[in-house]
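Please look over the sequence and the model first.

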Amino acid sequence: MSRTSSKHKKTAKNQASGTGYWANAWFRLKKNKGAMISLAVLILMVLIAIFADIVSPYPYDLQNADHAFQTPSKQHLLGTDNFGRDILSRIIHGGRISLLVGFSSIIFAIILGGLLGALSGYYAGAVDNIIMRSMDILMAIPGMLLAITLAAAFEPGLNNVIIAIGVAEVPIYARVIRSSVLTIKGQEFIEAAESIGASDARIILRHIIPNCMAPIIVQATLGMAGAILSVAALSFLGLGIQPPTPEWGSMLANVRQHLTTYPHMAVFPGLAIMITIFALNILGDGLRDALDPRLKN
Amino acid sequence: MSTLLEVRDLKKYFKTPSGTVHAVDGVNFSIEEGKTLGVVGESGCGKSTLGRTVIRLLQPTAGTIIYDGRDISSPSKEELKVLRREMQMIFQDPFSSLNPRMTVKDTILEPMEIHRLYDGDRTKQSEAVLNLMDTVGLARRLANSYPHELDGGRRQRIGIARALALDPRFIVCDEPVSALDVSIQAQILNLMQDLQEEKNLTYIFITHDLSVVKHISDIICVMYLGQIVEMCPSKTLFKQQYHPYSQALLSAIPYPKVGVKRKRILLRGEISSPIDPKPICRFATRCPHAKPICFKEEPTLVRVEDQHYAACHLQKESQPYELPFPEDTVEIENK
């Protein structure tokens with residue numbers, strides 16, 4: 001009894017202190033332990049990736065034939081690979097690529113998909129039909145297949161991988177944003193903005209987009225997990241990041257011949273992928289709950 | 001006093017898959033500067049569409065709107081932007097008419113920003129925002145609050161401040177108090193009347209609440225299915241109505257006194273469909289006095305008395321509804 005009442009007090013205090021929408025969402029997210037742990041894990045991973053050169057015990061491309069295929073030991077915490085390179089250092093540097101590609105391809109998809117979706121939802125009619133039908137065509141092709149095709153068509157490289165994965169994600173964001181725009185467009189404050197003489201660009205950028213951030217953020221968090229998996233898959237197929245640059249997927253691809261004899265070479269990059277995706281998914285779920293205005297407190 | 005707005009044969013149709021909706025169908029009226037035109041009618045009769053068409057949020061299908069001597073039926077983009085400074089709107093729902101992501105200050109500032117008032121000088125604009133907040137009775141400390149932190153009355157004050165930000169001459173009020181508690185309704189109505197006196201504003205006041213419309217309007221239009229069925233000075237309507245719909249409407253005003261005998265005119269049936277209506281009296285199917293002619297011809301709005309117009313074939317025959325109580329009790333208590 002006393003416990004619930006103190007909880008209520010806290011909530012009431014929080015609302016009375018003049019907080020905005022995001023502060024309320026943050027308040028709700030803080031109560032979700034899984035999401036907070038995931039957020040901490042992700043922040044740690046980003047920091048490690050940024051300071052990879054300082055954190056990693058060896059240079060990622062330092063070969064040492066004498067120490068090839070070592071299992072975890074004091075010198076090499078996660079062992080070494082077939083060229084005697086330190087797996088921990090390679091995972092740390094690989095995280096850079098994975099997180100960068102995951103993040104940038106989603107940003108790419110949000111900007112392009114967001115623009116198309118917003119135009120489509122706002123202008124409706126013929127514009128809507130043309131944009132959304134092309135999105136449907138893109139969507140009809142499985143995302144992975146599309147990414148593989150695009151990656152194969154371009155030269156392999158970081159930028160092209162980002163674009164290949166991003167393009168496959170564009171229709172998803174176009175849909176999410178279009179549907180939010182349609183809901184928001186019908187509200188009176190959009191009409192009010194029109195009545196004070198706001199231009200279409202202003203209405204879209206200032207009134208519509210900020211109000212459909214919640215579904216975009218949730219979709220982006222979940223989409224990033226998918227993008228990281230895609231870049232791993234592309235690299236595994238040899239279409240993504242080229243050696244000697246370490247990348248989690250290409251590290252896995254590298255192990256194929258030695259999988260039965262030296263499984264540790266596959267386990268650790270695999271774990272890195274798994275933990276990142278797991279954290280992103282749990283954070284995405286948490287954000288979805290926290291940003292849903294119907295679930296106040 | 002001069003006529004500020006004149007509307008001639010205004011029509012607004014919407015095309016839908018099941019036919020054309022005649023939301024506003026041949027409406028004529030004029031408003032003098034500094035006066036209030038009250039528009040009453042039931043839900044779906046086209047009153048909001050009328051208001052939105054007049055201030056050019058919607059493009060009329062046909063007809064002319066003359067504002068301050070200028071035809072504004074099909075303005076260019078530049079003309080429209082100039083027009084926005086003159087004509088503003090106060091919206092019905094104070095919960096959805098404010099952007100939830102903008103603070104009170106940002107909301108009131110935005111019109112000034114768009115029209116570059118005070119030569120785009122931010123400090124002068126901010127000062128103007130605070131002055132406007134004083135004018136509408138919002139505490140200055142609320143400037144950085146978000147709408148969801150405020151109650152309905154305060155939110156509606158924000159809406160009023162936003163409408164006043166451009167210093168307009170003409171404001172369409174689309175049921176501005178129907179979403180508010182009765183006690184707050186009176187405050188907001190008084191505020192609007194004070195503003196009208198102070199700034200010589202002209203209002204179109206759309207509502208379904210007769211006591212509100214009587215309190216605030218100089219002239220009342222009664223609308224039914226996109227048409228004006230009766231129009232007269234507001235005092236007159238409560239004494240003498242010529243259209244059976246107005247009679248039924250007035251008989252529905254609740255009178256909070258036990259033991260008062262009152263004759264209610266109960267309308268039967270549903271409002272007929274506004275989709276492709278037949279050229280007959282639109283009220284005929286529900287009218288207690290309908291005669292064969294009502295199903296043959298469409299009545300036009302004609303003058304029945306000085307300043308009193310009605311659109312009914314039988315206006316001379318039907319008996320006006322007499323209120324069972326002194327008419328001046330139908331009023332919201334002033335302050």
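## The interface between the chains

Buried area is the accessible area, taken with a 1.4 Å probe, that two parts lose on being put together, summed over both. In this predicted model, chain A and chain B bury about 2200 Å² between them. Of that area, 48% is on carbon and sulfur atoms. The contact draws 21 residues from chain A and 27 residues from chain B. Three residues of chain A, namely E188(A), S195(A) and I196(A), account for 32% of the area that chain A buries against chain B, more than any other three residues.

## Salt bridges

The whole structure holds 22 salt bridges over all chains, and 5 salt bridges are found across the interface of chain A and chain B.

One salt bridge pairs R52(B) with E191(A), with the closest N and O atoms 2.4 Å apart. R52(B) belongs to helix α1 (residues 47–54) of chain B and E191(A) to helix α9 (residues 188–195) of chain A, so this pair joins two chains. Another salt bridge links E110(B) to R202(A), where the closest N and O atoms are 2.8 Å apart.

## Helix α6 against helix α8 in chain A

Helix α6 (residues 125–140) of chain A packs with helix α8 (residues 158–185) of chain A; their axes come within 9 Å and cross at roughly 135°. The two helices, α6(A) and α8(A), are therefore oblique to each other. The crossing in which α6(A) passes α8(A) is left-handed.

On the α6(A) side, the contact is made by D128(A), M132(A), M135(A), D136(A), L138(A) and M139(A). On the α8(A) side, V167(A), V170(A), P171(A), I172(A), A174(A), R175(A) and R178(A) take part. Sorted by class, the contact of α6(A) with α8(A) has 9 nonpolar residues, 4 charged residues and no polar ones.

## Helix α7 against helix α8 in chain A

Helix α7 (residues 143–153) of chain A also packs with α8(A), at an angle of about 145° and with the axes 8 Å apart. The crossing of α7(A) and α8(A) is right-handed.

Which residues of α7(A) meet α8(A)? They are G143(A), L146(A), A147(A), L150(A) and A151(A), and they face A164(A), I165(A), V167(A) and A168(A) in α8(A). By class, the contact of α7(A) with α8(A) has 8 nonpolar residues, 1 polar residue and no charged residues.

Technical notes:
Residues are numbered from 1 along each chain as its sequence is written. Chains are lettered from A and ligands numbered from 1 in the order in which they are written. This is a predicted model: local features need pLDDT of at least 70, side-chain atom pairs count only at pLDDT 80 or more; totals for chains, interfaces and linings use all residues. Side-chain values use heavy atoms; hydrogens and water are left out. Axes are lines fitted to C-alpha atoms, for helices over the stretch in contact, and angles run from 0 to 180 degrees between N-to-C directions. Helices (H or I, at least four residues) and strands (E, at least two) are DSSP runs, numbered from the N terminus. Angles under 35 degrees count as roughly parallel, over 145 as roughly antiparallel, 65 to 115 as roughly perpendicular and the rest as oblique. A crossing is left-handed if the near helix is turned anticlockwise from the far one by less than a right angle, and right-handed if clockwise. Contact means heavy atoms within 4.5 Å. Ala, Val, Leu, Ile, Met, Phe, Trp, Tyr, Cys and Pro count as nonpolar, Asp, Glu, Lys and Arg as charged, and the others, Gly among them, as polar. A salt bridge is a side-chain nitrogen of Lys or Arg within 4 Å of a carboxyl oxygen of Asp or Glu.
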